[in-house]
Amino acid sequence: MSDRPPLFDHSHSRAVLIGTWDYEHLTRIPAARHSLDRMHRLLTGPQCGWPEDRVTVIPNERGPGDLPDRLLDLFEDTTDVALFYYVGHGQLDDEDQLCLGLVGSRDTWHRRATTSLEFSDVRRALQHCEAATKVVMLDCCFSGIATVREHALAGAGGEVLLDLAARTGAYTMTASSADTTAWFETDPELKEPQTYFTKYLADLVETGIPGQPAGLRLHPLFSRLRDDLARDGRPVPQKRSVDSARDFVFAHNVALPETIPRTDDELARLRRELDLLKSATAAQNAARAAQERIVASVNITEHRLANGLRVVLSEDHGTPVAAVNIWYDVGSRHEGRGQTGLTHMFCKLMFYGSASVAAEGHFELVQGAGGSLNATTSFERANFFETMPAHQLELALWLEADRMGSLLDAIGDTEMGWARDVCMNERRQRYDNVPYGTGFEKLTAKVYPEGHPYHHTPIGLDADRDAITLEQVRAYFRTYYTPDNAVLCVVGDIDAEQTLAWIEKYFGSIPSPGRRPPRRDSSLPDLIGRELREAVEDSVPSRAVMAAYRLPRDGKRACDAADLTLAILGGGESSRLYNRLVRQDRIAVTAGFGLLRLSGAPCLGWLDVKASGHASTDAIEAAVDDELVRFATDGPTPEELERAQAQLEREWLDRLATVAGRADELCRFAVLFGDPQLVWSMLGNILTITPEEVRAVAARYLVRNNRAVLTYEPYWDS
């Protein structure tokens, strides 16, 4: 063994090994000391062949101090391989960031980040070095969060390390998932107890893997490590790989190959890999081409009036129509205690007249001119919109400006009574008096806890509507329905210069208060932390199982991956859950899984299954969980991912194909994300999501301790 030449010239590589065991405020971990020593011996031993001077060991560091700067310095001259290893306590801070424990680390949420080494500092050091291969090994609790895109060493797009995607590879392997602990040996008879992750890894390298080539590559090594730990009931490790790092040869394989691959088998394997590469490349090319076609055909200009009103204009002379859409940055999340449903009431009040328009006058004028109009509210916004013949555009702009500037001139107790009655009747029709109608409201209240801005739904409570006063309504309007809290978008057969002149004419004189209450804190942990349940006995036609999961926020790549995940699992009659529950097991008549996108809080994954005949809710839950576990383990097939991407692509292009849909999406990106031009990135994001990203979302989020479950039992069953 000692006569073997080194696998790699590591003279331009750097390994940094950090271990902590003598904690002052946390439980001591003697196993961490021996694991740190063993990893050091492994790297500098004959199997791996790292020179001693290229391996830096940092034991029992007192506190973060200048450690982030030292990491930057250590990796600064690294051009070949940068390897970081940590063993010790892992914690999540109050912002759900991974903290690597040091001697003085504290256990309280708000002190963890200031007394530990934040993993973001490790990421930063590796991102700023020029190593071609970057490897992270984390042997600590909750370390799997480092494999999730928002926290990972490398991701897609702007997160690819150093913008050297063509040659830079990254590989992260962790001892646990994002929400589980890592284990270590505790037998008092052991003289040198170790952590299981490091022990199994070192054992594998030292004994070799039969059937593998002479050099042990990272990915096969991790796969065998995962299988061995799972076989023995240990925490299952996680990994994330980017580009070529999975093929980095980590160590000599001391075990002889058991078989020599047959030539035809090897050719078949290469053909499969080539097909996958072609498929991924084709998807990326299709995304770029579709995006380029859309961008080339649509012109967007942005403007801001002196009173703060943001204006987005987009000319499209394909048909002689124009869409006007105005989004106010106000939704049910802005409503205080005792004011639920107030934003939704304004959805009605805004049509009861203004200084120059009589009650119901908006409908009469717009429809009389050949147009259509409506309004909607949600957790995060209120919007009002018209689609008009192009020559009637000025009328729509005048109407919107008149109610923005003078709605309160027309609102009194009578109008308040009308709006209150309409909202209460709508609640009865859509929630209280329909089967399963309150399911969404019940689950939302569980996923977003009491006091959270998203705890209540936009429809609100009748008791709050009864108690709202006219002065409270007026104050709410003055605060949120103002030019500096709105985005106005006009799309269609327009003259941009003339349209902007009309907007200045009608909206420019409306004052803005310039002050609003600070937005309420909507931060939440990524995971609920336990399963929440409620059984409901109601007048419903059959049993049902509904569940809601917390998912990544809108605007993140992981949210797009979640959208694809739910489309594959429950998006229509070709989905996995429909095939399993409806076609195969015949225990359900419908099965669906959808995503409610939210930018200010975790998104909501909504599962809805209606039972067939006398099928039990237990049977439905067992079948659903079986499919979720299988998907989290194996991920989607290439055909499933391609079908889901095509489905979302069609829906997205259908939205942009109409002037009304495009105006709405431009407002959405402007209000929720600050930039209407981001509308062009949506399709490219969807079409470049990988199967591993989809699988990882399911493995992290579609789990029992991250859901609220509602089961319905009909009265007849009792």
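1. Let's start with β14 and strand β17 (residues 486-492): they pair in the antiparallel sense over seven bridges. Two strands count as paired if DSSP finds at least two bridges between them. One spot to look up is A323, which stands opposite V491 in β17.

2. A word on what you are looking at. This is a predicted model, where local features need pLDDT of at least 70, side-chain atom pairs count only at pLDDT 80 or more, and totals for chains, interfaces and linings use all residues. Residues are numbered from 1 along each chain as its sequence is written, and side-chain values use heavy atoms, with hydrogens and water left out.

3. Back to β14 (residues 321-328), where seven of the eight residues are buried. Buried means under 20% relative accessible area, exposed means over 50%, and partly exposed is in between, with a 1.4 Å probe and protein chains only. β14 also pairs with strand β16 (residues 382-389), again antiparallel, over eight bridges. A323 turns up here too: its bridge partner in β16 is T387.

4. Now go to β1 (residues 14-19). Six of its six residues are buried, so the strand is largely enclosed by the rest of the structure. R14, V16 and I18 point one way, while A15, L17 and G19 point the other way, and all are buried. β1 pairs in the parallel sense with strand β3 (residues 81-87) over six bridges, and I18 has Y86 as its bridge partner in β3. Five bridges join β1 to strand β2 (residues 55-59), also running parallel; there, L17 is partnered by V57.

5. β5 (residues 98-100) and β6 share two bridges, and C99 has E118 as its bridge partner in β6.

6. Another open sheet has five strands in the order β18-β22-β19-β21-β20, with mixed pairing. Its edge strands are β18 (532-538) and β20 (588-596), each pairing on one side only. Ignoring direction, neighbouring strands are turned by 10° against each other on average. Helix α17 (residues 576-584) packs on this sheet, touching β20 and β21 (603-611), and its direction makes about 160° with that of β20. Axes are lines fitted to C-alpha atoms, for helices over the stretch in contact, and angles run from 0 to 180 degrees between N-to-C directions. Inside the sheet, six bridges join β19 (residues 544-551) to β22 (residues 707-714), which run antiparallel, and A544 stands opposite Y712 in β22.

7. How do helices α16 and α22 cross? The axes of α16 (residues 557-570) and α22 (residues 691-701) come within 8 Å and cross at roughly 85°. That makes α16 roughly perpendicular to α22. The cut-offs are under 35 degrees for roughly parallel, over 145 for roughly antiparallel, 65 to 115 for roughly perpendicular, and oblique for the rest. Among the residues that meet are A558, A561 and L564 in α16 and V694 and V697 in α22, contact meaning heavy atoms within 4.5 Å. The residues of this contact divide into eight nonpolar, one polar and two charged. Here Ala, Val, Leu, Ile, Met, Phe, Trp, Tyr, Cys and Pro count as nonpolar, Asp, Glu, Lys and Arg as charged, and the others, Gly among them, as polar.

8. Compare that with α9 (residues 361-368) and α10 (residues 393-406), whose axes come within 10 Å and cross at roughly 170°. That makes α9 roughly antiparallel to α10. H362, L365 and V366 of α9 make the contact with L395, W398, L399 and R403 of α10.

9. Have a look at P449 as well, in the loop between α12 (439-447) and α13 (462-467). At 35% relative accessibility, P449 counts as partly exposed. P449 and L524 are 75 residues apart in sequence, and 9.4 Å apart in space, C-alpha to C-alpha.

10. Finally, the whole chain: 22 helices and 22 strands. Of its 718 residues, 55% count as buried.

Technical notes. Helices (H or I, at least four residues) and strands (E, at least two) are DSSP runs, numbered from the N terminus.
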